[in-house]
Amino acid sequence: TEPILIRDEPQEVTLKEYFYNILKRRNLVLTVFLIASIPAAAYNFTRKPLYAAYSKILNQDPARPATTSPEVNMFLWGMASVPYINTQLEIMKSLTMATSVVEKTNLTSKYPDILGTDTRDAARKIMSKLEIKQVGETRVFDVIVKSPDPGLSMDAANGLVDAYVEK
């Protein structure tokens, strides 16, 4: 004779049984929660806040002035303008531009504890805090400076936009 296999149909587990199992293991659940929460809370309460200043700039090509017609602008600012926009983006991110910002806005005298007193080193630190992004397929750039000092963020972002407009 062959053995007969009896298959039990799976029973549905109720919500009440889930809660019972969690309550039964509440010490384990509480321990895991505390192990994850305490370091996260300590990190959040002890880290220095980081401030960001945002500024926008419209990049205008003198060879291709903007018009009021979107269709004409699309034609004039087509794929041929990509190298020009990329060039302007690199100019804004350059050490020369950052040095100009540090010198014109006296950032080393205003924030010596963050930037130090050397202009070149301060410009490099500003560059490390700087982010410039093109807004979509437009000629608008977002200039973002992040720093633990809100005044430094604001002065650097506005100074970069002003220095770019002057050049």
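Predicted model: local features only at pLDDT ≥ 70, side-chain atom pairs only at ≥ 80, totals over all residues.

Residues are numbered from 1 along each chain as its sequence is written, and side-chain values use heavy atoms, with hydrogens and water left out.

Entry 1, salt bridges. I looked for a side-chain nitrogen of Lys or Arg within 4 Å of a carboxyl oxygen of Asp or Glu, and the structure holds five such salt bridges. One of them joins aspartate 142 and lysine 56 at 2.5 Å, N to O. Aspartate 142 sits in strand S3 (residues 140-147) and lysine 56 in strand S1 (residues 51-58), so this pair ties together parts 86 residues apart in sequence. I took strands (E, at least two residues) and helices (H or I, at least four) as DSSP runs, numbered from the N terminus.

My cut-offs on relative accessible area were buried under 20%, exposed over 50% and partly exposed in between (1.4 Å probe, protein chains only). Lysine 56 counts as exposed at 55%.

Entry 3, a helix pair. Arginine 124 and aspartate 121 form a salt bridge at 3.6 Å, N to O. They are three residues apart in helix H8 (residues 119-129), about one helical turn. Arginine 124 is partly exposed at 45%, and aspartate 121 is partly exposed at 39%.

Entry 4, helix H1. I noted that helix H1 (residues 15-24) gives the nonpolar surface patch its largest share, four residues. Tyrosine 18 is in helix H1.
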